[in-house]
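My notes follow the order in which I looked things up.

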Amino acid sequence: MTSRLTLSEQFFRDQADHGATGGLSTVLNRFSLIGRMLASEIMRAGFVGKLGYTGTTNVQDENVRQLDVIGNDTVNTVFDAIPMIAGIASEEMEDVHLPDGCEDGKYIIATDPLDGSGNVDVAGQMGTIFGIYKRLSSSGRPTMADFLQPGRNLVAAGYVLYGPCTMMVYSAGGPVHGFTLDRSIGTFFLTHPNIRIPEGAGAYAVNEANERKWSDKTQAMVRAFRRGETDCGPRAARYSGALVGDFHRTLLKGGIYMYPGEVQKPAGKLRLLYENGPLAFLCEKAGGLGSDGTRSILDIVPEQLHQRTPLFLGSKGDVEEAVRRLA
Ligand code: F6P
Ligand code: MN
């Protein structure tokens with residue numbers, strides 16, 4: 001029998017332990033609400049004609065799926081309802097959204113409302129990734145500088161994973177805890193307290209079909225993982241096409257997730273503010289590392305909302321080895 005500690009009870013403990021404020025608990029609680037709402041949307045999407053594309057592309061030139069729009073609208077609506085958010089940056093919006101009451105809002109949110117939405121049509125894993133910053137300016141409409149903060153400034157980050165079960169994993173600066181949704185009563189219970197990334201185990205995850213686009217060094221580094229020729233030991237290969245799902249496995253089982261830069265696209269694909277930053281924050285809080293190949297993801301100060309960086313995320317030994325082989 002696992003503990004019957006609920007997510008909201010853990011938020012109160014965090015408040016006491018880490019000096020977090022009641023405001024932060026409310027924001028985290030709202031992400032658990034978004035998680036429950038989107039889990040339900042995803043479950044019913046096939047019955048109500050909500051699979052497939054909208055026919056439009058987003059600011060990243062990616063084809064937008066109906067559930068991407070639902071995810072983004074859900075985040076905006078849920079935070080419009082409480083007067084404590086100064087602004088929201090999202091993968092699905094070219095510019096930021098300033099909710100009602102933003103002048104007095106204390107927190108900035110960076111989110112990928114539905115990461116891995118390519119898995120929607122095949123009932124694969126997806127997730128909502130989020131990072132929460134304190135605004136830098138004191139009041140009024142937030143400025144771009146409030147949004148372009150390095151991952152080190154995150155006060156909390158996490159994700160809700162939509163898979164065979166719905167899980168919420170977060171850290172408010174302390175340990176990383178994982179909660180599983182009991183759907184019958186709509187409550188998340190603590191099932192994975194104090195998650196630590198295992199060393200010397202797990203899988204490597206990378207889209208190997210991109211090999212021809214990589215530099216020689218990147219090709220050689222990935223080859224070493226594939227052939228089990230790394231110093232950190234042999235690894236299985238796993239790749240789901242959803243960063244959040246691949247990261248969740250890496251967090252629990254060890255290993256490394258990679259989205260390297262390419263010769264023609266040195267920054268790779270994934271976005272710093274709402275994908276790489278929040279997951280690197282969780283990874284480091286769980287004892288792992290997040291790197292762009294030369295420095296910690298958390299030290300990079302974003303220059304643009306939708307900026308991309310290469311990503312190497314996972315156990316310390318694996319990420320250090322990948323970085324060493326890229327040098
Ligand atoms: O959000 C971007 C994303 O969908 C990630 O979730 C995923 O890991 C990655 O892109 C997959 O990209 P590719 O299809 O190029 O491997
Ligand atoms: Mn994504």
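Predicted model: local features only at pLDDT ≥ 70, side-chain atom pairs only at ≥ 80, totals over all residues.

How far is an oxygen atom of ligand 1 from an N or O atom in the side chain of Glu275? I got 2.8 Å for that pair.

On its own it has 400 Å² of accessible area, and the protein covers 81% of that.

I went on to other polar side chains. Lys269 has a side-chain N or O atom 2.9 Å from an oxygen atom of ligand 1. For Arg271, I found a polar side-chain atom 3.4 Å from a ligand 1 oxygen.

I count 13 residues around ligand 1, and the closest are Asp115, Asn207, Tyr239, Leu243 and Tyr259. By class, the shell splits into six nonpolar, three polar and four charged residues.

I also asked which pocket this is. The space that ligand 1 takes up is the largest pocket.

I searched the whole structure and got one cavity of 30 Å³ or more. The largest cavity holds about 30 Å³ of space. Its lining residues are Tyr133, Gln149, Pro150, Gly151, Leu272, Leu273, Gly277, Ile297, Ile300 and Pro302. Helix H7, residues 272-285, gives the most to this lining, with three residues.

What classes make up the lining of the largest cavity? I noted seven nonpolar and three polar residues there, with no charged ones, while the shell around ligand 1 has four charged residues.

Note on methods
Residues numbered from 1 in each chain as written. Chains lettered and ligands numbered in written order. Heavy atoms only, no water. Near = heavy atom within 4 Å. Polar contact = N/O pair within 3.5 Å; in protein donor to acceptor, adjacent residues only side chain to side chain. Areas by Shrake-Rupley, 256 points an atom, 1.4 Å probe, with all protein chains shown as cover. 1 Å grid on protein atoms, 1.4 Å probe; cavity = no way out; pocket = protein on both sides within 12 Å on 5 of 7 lines; lining within 4 Å. Sits in = over half its atoms within 2 Å of the grid points. Nonpolar A, V, L, I, M, F, W, Y, C, P; charged D, E, K, R; others polar. Points joined across faces, edges and corners; volume = space filled by probe spheres on them. Helix = DSSP H or I, 4+ residues; strand = E, 2+ residues; numbered from the N terminus.
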